[in-house]
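Hello,

Here is the structure I promised to pass on. Please have a look, then read my notes below.

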Amino acid sequence: MTITQIAILAFVAIPLGWLTRKWQRVNLLLIISILIIFWLQPALPLRYLDFFLPTLSIGLTVLTWALTASPEVRHQKESKTSAVITLCVIFFLATTRYLNFDNFLTPTRPPPIGQVLFLLAIFVVGTFLLARQKSSSSNTLLWAGFTVLVILFIILKTPALALIASRGWRLFIGQNASLASSSDIYWLGYSYLAFRLIHTIRDRQSGRLPDVALGEYLTYVIFFPSFSVGPIDRVERFIKGLRQLESAYSDDILVGGQRLVVGLFKKFVIADSLAMIALNPLSATQAQSPLGAWVLLYAYAFQIFFDFSGYTDIAIGLAQFLGISLPENFKQPYRKSNLTLFWNSWHITLTQWFRAYFFNPFVRALRKSRKLSAGMMILVSQLVTMSLIGLWHGVMWSFVLWGLWHGIGLFVQNRWSGWAKTRLAGASLSTRTRRILSLLGIALTFNYVALGWVWFVLPNPSQGWQFILLLFGGA
Amino acid sequence: MSQKINLWRLLLKTFILFAIFNFAFTLLPFDSGSSISIYNNLIFGRERLPFGESPTQSYNLSLFDLDAMFASHIVTDTPKSENEYRVIVIGDSSVWGTLLRPEETLSGQLNRLNLSVRDKKISVYNLGYPTISLTKDLLVLEKAMQYEPDLLIWMLTLESFPADKQLTTPLVAHNIERVQKLDTAYDLHLDLNSDALLQPSFWDTTLIGRRRSLADWARLQLYGVMWGITGVDQLYPENYESAKTDFEKDELFHGWSPPELFLDQLAFDMVKAGFRITGEVPLILVNEPILISDGKNSDIRYNYFYPRWAYDQYRSIFSEMSLENDWAYHDYWDIVPAGEFTNSAIHLSSAGEAILAKAISEMILIEATR
């Protein structure tokens, strides 16, 4: 998001926060969120796709709601109203093709109305078929929904598949397929949207999903402050804030404003400045000395933190204007004395998501199988979970390596902690010694994490290795 | 919240405080603080003045604050020792070294020759700056005098002389105060009311008005870190578009037709001012090499910049004026073969610079032994 976009969002959120306290809270938030996800979607070189992708985001969300909602909730009047509102807003956006709006709300000219109606009809029929089930969706259907979301995720995050998809769309729409590129399809917010939807599917399967009306569900998934940058809230937490206002409007504006200013400063002053001197594939080949290489690496480590946590602050601040408290995503991660604590305070909502929906079930499955020793079980589960977290950023070897780096680190730290605990159980350490050990832990953890960023930022693992050699004077 | 805060009162206070801070900025001198620099402190100074159109790749940027620019240059932090004979070269992009690494530029090559005279090592500093204008050169020259040169070399070409080129270069346009001072001190008769010169308003002196120059200063410092780490200060593309050698049948030069150049439209008064600025310190004028094309219509034009009639007259005028005024003047217009020009009729390859450096080194040695 640009600073102008954020300013516009703030100017929208402040009066909207006041208005939604008085009137039509869910419906207003829904309408504005739909308009904003279309507005935020970047223009794409693939004709009409920048209109269809936000439409798909909404369509998939509605279908997943129909899949996960209980039969009683599916037939509530308010859900039907939300469905009509959603259709009307998308239809209105599609009609701007014929108005002289100069793409004010959409990145490019919307597709012909017939094409939009056709896509909407598919979603309406799909939702209708799911909603008319008399009982909750079967496990098979829920897994099918899960699979569709994961397949879409894999296509978007795998350059080779994204290229094929781009070619396919170009051929379908009548554009030159030879111009296709793997970066053609930029689906704003899909990584977060998919994880929110999968969370509700898995919670439905485990019977933990609360009853949520369509309007609330849609607002949760496409809530504009957190749509493109997270955090990945849990639905039961989100709707609690949506249904019940916890603080006065002026307090929300103050708290939100403070958070927004901090976020803007982090992102546009600190992170963007650090970006000028941060490690990237070009500077990695240009650094002439180990000292210079460390400067690049540390700059990147702080840049990615301030960039991401700045955006999170902005999202939290904007949401607060609307009376909704989003969860924290960062809690001073570089001040943690071991890797486990680091991962408890870095991109917290993503880590929690993986813990809840992959790590814990995976460990339970390994335990049941009784084929691995306790140590091996920890190693395998850490490596697989962290590799998946790596792959969430993109299906590339560099991200797998980054995940494995952290998986190994977490395993070693786990073993070390266990070993040290038994050895130091009886030892009485002075406060000073504890402080020194803590500082050493912080330095070690930070440097381990920083070295991990080499794999993350350099797309070619051999370049990453060369850079690591340079850091230690070996290149 | 533990203490109730009045939102409107808070917003009002914020606004008032910001307004006070914003306007308090107007009390500071316009260029205050810009000479504070990480260059020559935390990192080595740059070997040429900052200039760049692709900052994220070249780790360099164009700014208009001469103090900040000089503060980033290595000359600022190199105290002149008794064993140093200091030479400063000024001029346009051909001196600055477009497409060349610092060591390949004219100054870089002169330093590689390890010249010395009477037990003094000859150190050459590159204070060239891209864009062609004698007024811009004068701004740099005046500032360069602070660094105790023993000899100044001013590389010139006809394109920098026309009156219409004097104020349009961004470095000049954004430094009206300095230009005014030069104009008054050396009676330059510049059109100070020209639209090309950007007259700062009151608002331009506030914090908000100065945000661009403050941001440029900050970026210059940050890119300095990258300069220190990588030694890169410019893009060095493997492929570039070579200078044109085929031309239309066009004899015009800045709208002037043959047969005569308008002497009153050529800024020789800038050259005179240059000698007044340098005073006792010797200043050598060099007519820099140009590309002599042999393509289509090269009987009419030497290159993209110059029709033959205009350039020939310019050389003859320059030579006559040098004799009249007793200027030290060297004409090296044709010493570099056409194959050693790069993307412009005045930009030389490394080998071309070596040829020029050899000629200029002889000139320096003669001057230094006087």
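Predicted model: local features only at pLDDT ≥ 70, side-chain atom pairs only at ≥ 80, totals over all residues.

Residues are numbered from 1 along each chain as its sequence is written, and chains are lettered from A and ligands numbered from 1 in the order written.

Confidence: ipTM is 0.84 and pTM is 0.89. Chain B has an average pLDDT of 91, with 97% of its residues at 70 or above (pLDDT is the predictor's confidence in each residue, from 0 to 100).

Helix pair: in chain A, α3 (residues 49–68) packs against α10 (residues 214–222). Their axes lie 10 Å apart, at an angle of about 135° (axes are lines fitted to C-alpha atoms over the stretch in contact; angles run from 0 to 180 degrees between N-to-C directions). On the α3(A) side, the contact is made by Ser57(A), Ile58(A), Thr61(A), Val62(A) and Trp65(A). On the α10(A) side, Leu214(A), Tyr217(A), Leu218(A), Val221(A) and Ile222(A) make it (contact: C-beta atoms, placed from the backbone, within 7 Å).

Helix α20(A), residues 461–471: Gly464(A), Phe467(A), Leu470(A) and Leu471(A) are buried (20 or more other C-beta atoms within 10 Å of the residue's own, C-beta atoms being placed from the backbone). They span an arc of only 120° around the axis, so they sit on the same side of α20(A) (the arc is that of the directions from the helix axis to the C-beta atoms). Their cover includes α13, α14, α18 and α19 of chain A. Just after α20(A), Gly473(A) has a positive phi of about 75°. Helices here are DSSP runs of H or I, at least four residues, numbered from the N terminus.

Best wishes

Technical notes
Buried ≥ 20, exposed ≤ 12 C-beta atoms within 10 Å, placed from the backbone. Helix = DSSP H or I, 4+ residues; strand = E, 2+ residues; numbered from the N terminus. Contact = placed C-beta atoms within 7 Å.
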